[in-house]
Amino acid sequence: MGGTEHPPAVPRTAADLTIGQAGVIASIEGHGSVVVRLLEMGLVPGTRVQLVKRAPMGDPLQLQLRGFHLSLRAVEAGRVQLREVAS
Amino acid sequence: MTLRRIAVAGNPNVGKTSLFNLLTGSRYDVGNYPGMTVEQREGRLLVGGEASTNVLIDLPGTYSLSAVSEDEAVAFRALSGEDESAPDAILLVLDASNLARNLYFALQVLELGRPTLLALNMVDAARDAGVSVDAAALSEALGVDVVETVARSGQGVRGCTDALLKLEGGGDAQLVALDDAAASSSTELLAALEAVGCSPAKARWLVASAAADRLDLTSVRPPEAEVLAKVSARVRHTAAEDIIAARYARVDALLEKLGIADAVRDGAPTMSASNRVDALLTHPVVGLAAFVSIMALVFVSIFFWADPLMGGIESAIGWLSETVAGWMGPGLFTDLVTEGVIAGVGNVLVFVPQIALLFLFIGLLEDSGYLARAAFLLDRLMSRLGLHGRAFIPLLSGYACAIPAIMGTRTISSYKDRLVTMLMIPYMSCSARLPIYALVIGALFVGGDPWISESVDQGLLLLGMYALSTLSALGAGFIYKRTVLKSPTPPLVLELPPYRVPRLANTTKVVFDRTKDFIKSAGTVILAFTIVLWAVLSFPRDATGAGQGGPTQISKSYGGRVAQSLEPALEPIGQDWRVGIGIIGSFAAREVLVSTLGLAYGMEADDDDPVELRAAIRNDTDPETGEPTHSRLSGLALMVFFVYACQCMSTVAVVRRETRGWRWPLFMFTSMTGIAYIAALIVFQVGLLLGAG
């Protein structure tokens, strides 16, 4: 990697995804009822999650995973750590 | 006759309600799970059109059985028999077009080891999206019988009924073993729980609840609690993660076997049509505009259709009253029947059009899938205001009428958030306050030097009252959430289902249920209050018989006497005893202030705002001082009083029903009356100081 080109920022969490971009979940950060709920809705490690769109003011996010659509706030999406990006 | 109990469970948005309605012929009783605010529907399974000895129990739709909220706790406890006996069988309803998620719940239910029948619903949608599965393959893979249904059209219901009747034998508890990759502490934790006599299914339930800090929702026994307390929070959390991961690993394996794994990993075939609609409906500009339009359409329709219906009911009640009075002849008992009982029944029925229409629209918006989009659009704003997303429509409805609005808060699952919303709603200026504002403005804010122009001034004043009420409602919510009803903002983890055409039969059944419930539970209270108020304003009877119900009569009534004795309290807010009687009478309904004032001034006040009443108020002078009794300032103080006062017995009745007790309605009434008085006091006294008196 050289030259003056900046490499595109690699999304670290689902909150960093750009529209249409997808990633594979590495883990869910944190403890408590929200994390349990996120895991049970299917946001388990290894799941592919894609950003469909954001609400008018950038929050919440509409994510696609496991064949359905889920609405999450940016703060919750920020707990979804990604390990690789797919598009 | 032993009844066979079949619990019906499934995710939300899978058509469970439709299937339940079809299987029971929509004949069911609504009750409560003991100790919870969650409702339960129970109905007999129809066999050949007749009620059989099988009882279907509709459990709340949940995404999981882990007790993270009340709904899941109820579902697990009912299915596993924690509180009462376990059901004889379970009917598990899955969305065939969404198996990638539904199967997780299915695996949890199968861990319980009860005889289970799987209803694969919405197979038509699955077919259209290209994700159909072979029911036989699914049956073989899960080890349970599977029937295909399309509850929208009724297809497969007969097959489902037959299969339920044949269902017997205990299933084996199908426990999903933890992966090899799972932490050893997780396996040990489960083993430790089982060692104290906990069933494997319950052990998994407890671990998840413990990781979510919600053991309070479970029926955890002391030895089990001890085992959980002995390990660290990290161990508990890891164990929960490992259990969930293992289940999803099994789900993925099943999806592979059924041949749909690829389709649902990289895309969402069932959402393709909905995505096109959402390109508009959740578009930043078009979406918001559409939302505002839809809300406007709903509320305009309600006014447009409810108003004539309400007028019709009022006329019918009036006609009935006159006819009965004609039959029975004049007398005390006649008055009790006409002005007490018949008027009371009228006061209850008059709400039916608004309730029915609001719930019809809400039902259609919910079942079509649109409300999830609305929640998506509004979440930022609502959470900034500290409000629950589902509070929007009830709060907005409060501008029309608090009664259906308060009833509509039932969709808010958190009890505290629901209560905050219910307490906020009466502050929204409902349509009944309008006649009061119109009367005061029309009587006292005429003539003299206008600020801009008379009609603009009047309009601004009216707008000011509405702005004041909105800010007060938001302020009340703010305060309640930070003091008495503190609860954290619930996270948003909301499924956006595919758009579907609502099944009208379901929606109308809900409207019918809610209306019937209102009439039975709130209606009795409203009727009682009507009779009491009638008595307070009609007794003691004027012995001379002069002016039946005229100004002398009403001033001599108990209500009148109370108002006169309260004059020292009314003076500081700029009001006299006649307004005092009006305030007492307006507890029946705010607009009754107008007719009660009319009576107090000796009018034949039948319509809402007679011109003569305005003149009478304007020209009324104090017999002692010769000064006008009412001024612009006193009118302003009165309007401000009504912005805040809870002068509506029906609101009290509905809050009593929704909170199942008198504590909150009493709190609401006294706090609002207190605030109303203080606000009017401030307005009037400060106004006097500024020389506006």
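Mentor: Gladly, and keep in mind that this is a predicted model. Let's start in chain B, where strand β1 (residues 4-10) and strand β4 (residues 50-58) run parallel and share 5 bridges.

Trainee: What makes β1(B) and β4(B) a pair?

Mentor: Pairing requires at least two bridges, and these strands have 5, so the term applies. As an example, Ala7(B) has Ile57(B) as its bridge partner in β4(B).

Trainee: Which helices pack on the sheet?

Mentor: Helix α3 (residues 99-110) of chain B is one of them, touching β1, β5 (89-95) and β6 (116-121) of chain B, and its direction makes about 170° with that of β5(B). Helix α5 (residues 135-142) of chain B touches β6 and β7 of chain B, at about 155° to the direction of β7(B).

Trainee: What is the strand order of the open sheet in chain B?

Mentor: The order is β2-β3-β4-β1-β5-β6-β7, which makes 7 strands with mixed pairing.

Trainee: Why are β2 (29-32) and β7 (145-148) of chain B said to stand at the edges?

Mentor: Each has a single partner strand, so one side of each is left without a neighbour in the sheet. On average, neighbouring strands here are turned by 30° against each other, direction ignored.

Trainee: Now to the contact between the chains. How many residues does each chain give?

Mentor: Chain A gives 36 residues and chain B gives 51. The area buried between them is about 3,700 Å², with 60% coming from carbon and sulfur atoms. Glu40(A), Arg66(A) and Arg73(A) supply 20% of what chain A buries against chain B, more than any other three residues.

Trainee: Why is the link between Asp379(B) and Arg73(A) called a salt bridge?

Mentor: The cut-off is 4 Å between a side-chain nitrogen of Lys or Arg and a carboxyl oxygen of Asp or Glu. The closest N and O atoms of Arg73(A) and Asp379(B) are 2.7 Å apart, so the pair qualifies. The count between the two chains is 3 salt bridges.

Trainee: Which element gives the most to the side of chain A that touches chain B?

Mentor: That is α1(A), with 8 residues. By class, this side of chain A has 16 nonpolar, 11 polar and 9 charged residues.

Trainee: How do you know that β4(A) pairs with strand β8 (residues 493-496) of chain B?

Mentor: At least two bridges are needed and 4 join them, so they pair, in the antiparallel sense.

Key: Residues are numbered from 1 along each chain as its sequence is written. Chains are lettered from A and ligands numbered from 1 in the order in which they are written. This is a predicted model: local features need pLDDT of at least 70, side-chain atom pairs count only at pLDDT 80 or more; totals for chains, interfaces and linings use all residues. Side-chain values use heavy atoms; hydrogens and water are left out. Contact means heavy atoms within 4.5 Å. Buried area is the accessible area (1.4 Å probe) that two parts lose on being put together, summed over both. Ala, Val, Leu, Ile, Met, Phe, Trp, Tyr, Cys and Pro count as nonpolar, Asp, Glu, Lys and Arg as charged, and the others, Gly among them, as polar. Axes are lines fitted to C-alpha atoms, for helices over the stretch in contact, and angles run from 0 to 180 degrees between N-to-C directions.
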